Amino acid sequence: MSYNLLKGKKGVIFGALNEHSIAWKVAERAVEEGATITLSNTPMAVRMGTVNNLAEKLHCEIIPADATSVEDLENVFKRSMEVLGGQIDFVLHSIGMSPNVRKRRTYDDLDYKMLDTTLDISAVSFHKMIQSAKKLNAIADGGSILALTYVAAQRTFFGYNDMADAKALLESIARSFGYIYGREHNVRINTISQSPTMTTAGSGVKGMDRLFDFANRMSPLGNADAADCADYCIVMFSDLTRKVTMQNLYHDGGFSNVGMSLRAMTTYEKGLEEFMDEDGNIIYG
Ligand SMILES: NC(=O)c1ccc[n+]([C@@H]2O[C@H](COP(=O)([O-])OP(=O)(O)OC[C@H]3O[C@@H](n4cnc5c(N)ncnc54)[C@H](O)[C@@H]3O)[C@@H](O)[C@H]2O)c1
């Protein structure tokens, strides 16, 4: 259902790889809400992924870019302004990748070159994106810039590895740049901290199936999926959130504020019973 929340707005969406991608759903919803957009992803992703199908469906142009290259990012914003006919109203950074996670390097055995790459692709690219756009005066006054993050930036999640550090930096960039861009041009910069979601990047996380299930059971509203996330992004791009900036916004069914759920406590106690004798003494474990 469309509410015309983005009628007449122009947007750039980074990170749609396939139909499971969060950015894919955001692109579809943005167009449904009346926006015109351009898409961007790495040249390799454009060749190997199915983003061309999305571009065809939404009648929009794909501008290939490696988000670690300032030159590529400048080109995305210049070309987007040409294609869309003016300044951009909203930008989505939906990009993440860790070679350490891919190569199964554990957090106490990180390869530092790979860590540099993780931080550059998953966090510094957000700074590069915003700085490039600002220098080109590519974002309209009152515009909205979003990046996607995960609660592992605040709390430790086994297997999330160096992506936790990348997300902490990403969220910090949103605050630091949000202050400057807000003061000068009323541009909002926020991060949305999303539930575990079954996507290509998501399934790279060690134990993703179990993490997904755990978060789903712990969250009073259950996990938010990619389509739910797209809805939230649309609201953040719209004029309804003009005074929201420099925030890390949890979109996780309540997970981040739950200490212990009744369900989890019951399951824990049942598990413990197996390790108790008849008098309730723990035998082992
Ligand atoms: N899936 C989850 O569980 C989850 C949870 C919270 C946050 N997030 C975040 O959501 C965002 C989108 O991920 P997703 O889950 O939709 O997975 P996805 O794999 O569909 O998207 C990740 C995208 O990053 C792109 N990318 C990688 N390296 C790049 C580079 N150098 N330049 C430009 N683009 C590059 C990939 O091509 C891909 O399109 C990421 O920031 C991810 O960390 C995901």
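**Figure 1. Surroundings of lysine 167.** Setting aside neighbours within four places in sequence, lysine 167 is in contact with Thr149, Tyr150, Ala152 and Ala153. The structure shown here and in the other views is a predicted model. Lysine 167 lies in helix H7, which comprises residues 163-185. The residue counts as buried because 25 C-beta neighbours fall inside 10 Å, where 20 or more are required. The "binding site" feature of an unreviewed UniProt entry includes Lys167, together with Gly15, Ser21, Ile22 and Ile95.

**Figure 2. Surroundings of isoleucine 95.** Isoleucine 95 occupies the loop that runs between strand E3 (88-93) and helix H5 (99-102). Since 24 C-beta neighbours are found inside 10 Å, isoleucine 95 is classed as buried. Apart from neighbours within four places in sequence, its contacts are Phe14, Gly15, Ala67, Ile121, Ser122 and Ser125. Among these contacts of isoleucine 95 is Gly15, and UniProt lists both Gly15 and Ile95 under the "binding site" feature in its unreviewed entry.

**Figure 3. Course of helix H7.** The 23 residues of H7 reach 31 Å from the first C-alpha to the last, close to the 33 Å expected at 1.5 Å a residue. A bend of about 30° occurs in H7 at glycine 178. Glycine 178 is also one of the buried residues of the helix. Just after H7, asparagine 186 adopts a positive phi of about 55°.

**Figure 4. Buried residues of helix H7 and their cover.** An α-helix has 3.6 residues a turn, so residues three or four places apart point the same way. The buried residues of H7 are covered by elements including H5, helix H6 (112-135) and strand E4 (139-149). Strands E5 (188-194) and E6 (248-251) also contribute to this cover.

**Figure 5. The whole chain as context for the close-ups.** The protein chain contains 10 helices and six strands. Its radius of gyration is 20 Å, close to the 19 Å given by the globule rule for 285 residues, so the chain is as compact as a globular protein of that length. The C-alpha trace spans about 75 × 45 × 40 Å along its principal axes. Of the 285 residues, 43% are buried. Among contacts between residues at least 6 apart in sequence, 71% join residues at least 24 apart.

Methods. Residues numbered from 1 in each chain as written. Predicted model: local features only at pLDDT ≥ 70, side-chain atom pairs only at ≥ 80, totals over all residues. UniProt positions renumbered as here; feature names shortened; annotations may be inferred. Helix = DSSP H or I, 4+ residues; strand = E, 2+ residues; numbered from the N terminus. Buried ≥ 20, exposed ≤ 12 C-beta atoms within 10 Å, placed from the backbone. Contact = placed C-beta atoms within 7 Å. Rg over C-alpha atoms; globule rule 2.2 N^0.38 Å. Expected span 1.5 Å × (residues − 1). Bend = angle between axes of the 7 residues up to and from the residue.
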